[in-house]
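Colleague: I would like to learn how to read a model like this one. Can we take it feature by feature?

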Amino acid sequence: MRKKLLIYLVLPFAFAFVIFTLIVVMYVSNLLTQYGVESGNWLLIYSIGAGMFLCLLKIAVLSLRVTKPLDKMKSAASRIKGGEYTAQTGVKQSDEIGELAAILDDMARQLGKASDAKEATEKRRRDFMANISHELRTPITVIRGSLEALNDGVVTDPALVDEYHRQMHTESLYLERLVTDLFDLARLQSTEFTIDMEDVDLRGVVRDAVRTMMPIADRKGVRLPCPDANASLHVPPITGDYGRLKQLFVALLDNAVKFTPEGKKAAIDIDESEGRIRVTIQDEGSGISAEDLPYIFERFYRNQQDNRTGTGLGLPIAKQIADRHGAEVIVTSERGKGTRVEVVF
């Protein structure tokens, strides 16, 4: 590239400069001859020759100043084209070439970030598909195995047959819940899916969610008081989808009850201050470790030590519903001391 630039850009200017200088020398020499100044011809020629040399030297230096960074930029561009997004030009100049090099370096950094994001998205997609396959395969395998055992007459004891039927029923319910959760999550993540927004009384939504979870809490022996302590507090309505908001709080309460031992309490409260409405779910359960806390809203993420029955989609769905309502979800927890979840509208 440097040779081509010298040939097509620098040399024509240098040649033109030489021709122009010779014409000037001849013209001045004739003038000096006409006026009888003989001794000044050689001095003029030497001066012009020295000037020509200095000008050509300056042209060569300028050409190197242009071609060297361009070579670096060409090399960096070639590496970027090959997928090496960490490539940088290394050109630091306070001129137009330096600005162009800075733009090229910034473009490489942006492409690198986009490439990393694409790889992370692809990894999440692969993990998601692998998790779906695993989650679907487990209940299907159990149901199929039980059916084959019953169909082949391997199991004939009435009590054992009833146990197989109960097991298949349990797995089919899990399978139905999993498919429903996947469908809900896919719809909530789609920008084309709209939810019905209207004025909603959050206090009513919370009470409705507690009534839904009360039988489950009673069966487990977990106390779940209805949030009527602040009945006199005025909570202004928000714009939202009543059904989806109830689904959000039911999911959070279900998680709280699931990890709260018998005899302990899981409570939900609602408050309003400084233009924000805060719904708080506090449980006295096993808590979440610091290692698990950053991942609780990821799809299919489950603490295998504490959660062996859930689909791993309840909290991601709850987070999507909160996001669609412009609400912030704040989770604080300590292992062995319970978990506090705040949904701030």
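Colleague: What pattern does the protein follow along the sequence?

Modeller: Helices (H or I, at least four residues) and strands (E, at least two) are DSSP runs, numbered from the N terminus. Here the pattern reads α-α-α-α-β-α-β-α-β-β-α-β-β. That gives 7 helices and 6 strands. This is a predicted model: local features need pLDDT of at least 70, side-chain atom pairs count only at pLDDT 80 or more, and totals for chains, interfaces and linings use all residues. Residues are numbered from 1 along each chain as its sequence is written, and side-chain values use heavy atoms, without hydrogens and water.

Colleague: Is Gly112 buried or exposed?

Modeller: Buried means under 20% relative accessible area, exposed over 50%, partly exposed in between (1.4 Å probe, protein chains only). Gly112 counts as buried because its relative accessibility is 14%. Gly112 is in helix 3 (residues 96–151). Its C-alpha atom is 4.9 Å from that of Tyr85, 27 residues apart along the chain. Across the protein, buried residues make up 34% of the 345 residues.

Colleague: At what angle do helix 4 and helix 7 cross?

Modeller: Axes are lines fitted to C-alpha atoms, for helices over the stretch in contact (heavy atoms within 4.5 Å). Angles run from 0 to 180 degrees between N-to-C directions. The axes of helix 4 (residues 158–189) and helix 7 (residues 314–324) come within 10 Å and cross at roughly 25°. Helix 4 is therefore roughly parallel to helix 7; angles under 35 degrees count as such, over 145 as roughly antiparallel, 65 to 115 as roughly perpendicular and the rest as oblique.

Colleague: Which residues make the contact?

Modeller: Among them are Asp181 and Leu185 of helix 4, and Ile317 and Arg324 of helix 7.
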